[in-house]
Every structure is written in C-alpha cells, then in structure tokens.
Amino acid sequence: MSQEQPIKYGDVFPVSGDLADKPIAPGDAAMMQSVEREILGGAIEKGGAAAAMQSAASRNESADFVSHREVCAGDREGMTVTETEIPGRRIITKSIDGQLVEQYTVGEPEQQPLPPDPVLPTKGISGYTPTRTNEQITIGEALEASAMTAGDKPVDKSDAAAIQAAEVRATGGRINITSWGLAAEAQATASANERTCFDENKTKLSDLLQDASAKLPSDKPATRQDAEGITAAEMRNDPDMSTHPGSGVAASVLAAARLNESLQINESSFT
C-alpha cells in the first residue's frame, strides 16, 4: 500500500512552523546520524531521532516524494545534539533548526523514585471519575475515550495524523515509524477508507482505538502541550483546516489535559 503524502517533521516530532510542514529527506537523516555519532559515539540509537528520521526518509524516498540526496531541513549546523551533566546522569538533547525533537536521560539518579500507581482504564473522558487524586488520564486512555465519543466516525487522514502525533507525544518523541504501530495502522486505515465507497463499510475510530493503550509502546499523562500538538496535526490534515469539535481525537486529548490540570489544582489545594 502506497502512502499518499510525505511524512513530515510535524508528523514525527513535536515541532511547529515551517519545519513541521517539511518532508523528512534522506539527507536530513544522514546529517542527524552524523551528529549523533560525533557527539554520542557508537551506533545509531534504536528508536532515537536519527533512526526515526531514517525510517521516515526511506518511506518518503520509496514513494518518490524526495530524492536520495535531498535535504529539506537546512544544513548540518541546524542539527544539534548536546549532553548536559548532572549528578548521577546525563541529559541528552537533540534539536533541529532550534526546535527540540528529543530529550532523555542516561544513567540513574542517586535516589530512585517510587514507581507510580497503576493507572486504571477509563470508560471515556465525559464519564471518567478518578478513584484517587493523583490518577491522571494518559494519552492512550484519551484515544480510547475518543473511540467511545466518536466511535462511529470513519477514520480519515486528519484522524490518522492526530493519532500519529499522539503516539509521538505518548512515547516522549522517541518513536521509530514501523509497519505495526498504532500510527501506521491509522494511516493504512485512512487510506483504505478513502477507497471505500460507503461509510458503513469503512473502518471506524472505535475499531481502531478501543485498545489504544495496549498498542502504544509507552504512555504518559496528557498535558496541554500534548493537546496543542495533536490539535495542530489534526487541523493540518483536514480539508477545512479544522478539528472535530467535541468528539475527535484532538478533542478527547484536550479534555483529558483539562481534567489533569484540574486534578493538579485540587491536589495543590490540599498540600
């Protein structure tokens, strides 16, 4: 199955502006690989920024959206990888044209934090009642909520873009575009739906997202920043440059982020 539009930086990383709309090209991936090796040494990190870019660039090249030596993001000076030393660990930060695309720590802090309480599954944002004050709704749970609130909606390109942005956010920007992930499944579903004549025969959001949390390699509580990035992706890929108000993927993540903010405020009022 061929993809119908190039994979852009905004589809893979939480970036904005002109960079978000540029396709990822082989020359860009090669530059980031070179910088990673120069600063970090060794092989390219599995699941890191360079690996994700290489995967996306290969798909774009295979679909003839970019040439083998094409560069879209600028020059090598725009690709930066830095290491910041702190007691017991290092912070690795990767940026493209001044925008953060990946950040993580290496090593362990001197004191290990207690593991978080398990997050209970939600039955939908509108009917969600936390069982304890620190139970925040994750991005995966917000996707599952949209399966309930907009379940009968056929999956389209804007949904697929929002789901891909959600997967990137849920995994902290460390995602390798694969043929088996939730984002890839959403893209394939949207393409198949475009070729299907009748809505009753199209795959719905409920079919795709009912077990979204289990399909994500990792998950995190939804924040306002996550909601904004997912909303932007949904709008960029909608013919009317709009979101699906009240019941779409972006709307569910935004509702989760708002509820999480209110939970934090309630917690602080009791401390």
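The model is predicted, so local features need pLDDT of at least 70 and side-chain atom pairs count only at pLDDT 80 or more, while totals for chains, interfaces and linings use all residues. Residues are numbered from 1 along each chain as its sequence is written, and side-chain values use heavy atoms, leaving out hydrogens and water.

**The nonpolar cores**

- The largest nonpolar core has 31 residues, and Ile163, Leu182, Leu209, Ile230 and Val249 touch the most other members.
- A nonpolar core here is a set of buried Ala, Val, Leu, Ile, Met, Phe, Trp, Tyr and Cys residues joined through side-chain atoms within 4.5 Å.
- Buried means under 20% relative accessible area, exposed over 50%, and partly exposed in between, using a 1.4 Å probe and protein chains only.
- The top supplier is α6, with 7 residues.
- Helices are DSSP runs (H or I, at least four residues), as are strands (E, at least two), numbered from the N terminus.
- There's also a second, separate core of 25 residues, with Ala20, Ala29, Ala49 and Ile92 among them.

**How α6 meets α7**

- These two helices pack at an angle of about 180 degrees, with axes 8 Å apart.
- Axes are lines fitted to C-alpha atoms, for helices over the stretch in contact, and angles run from 0 to 180 degrees between N-to-C directions.
- On the α6 side, the contact uses Lys157, Ala160, Ile163, Gln164 and Glu167, and α7 brings Leu182, Ala183, Ala186, Gln187, Ala190 and Glu194.
- Contact means heavy atoms within 4.5 Å.

**Residues worth a look**

- Leu209 touches Leu143, Glu144, Ser146, Ala147, Ile163, Leu182 and Val249, not counting residues up to four places away in sequence.
- Thr189 sits in helix α7 and counts as buried because its relative accessibility is 12%.
- Beyond its neighbours within four places in sequence, Thr189 is in contact with Val155, Thr203 and Leu208.
- In α5, 9 of the 11 residues are buried, including Ile139, Gly140 and Glu141.

**Cysteines**

- You'll find 0 disulfides in the structure, a disulfide being a pair of cysteine sulfur atoms within 2.5 Å.
- Cys72 is buried at 16% relative accessibility, whereas Cys197 is exposed, with a relative accessible area of 69%.
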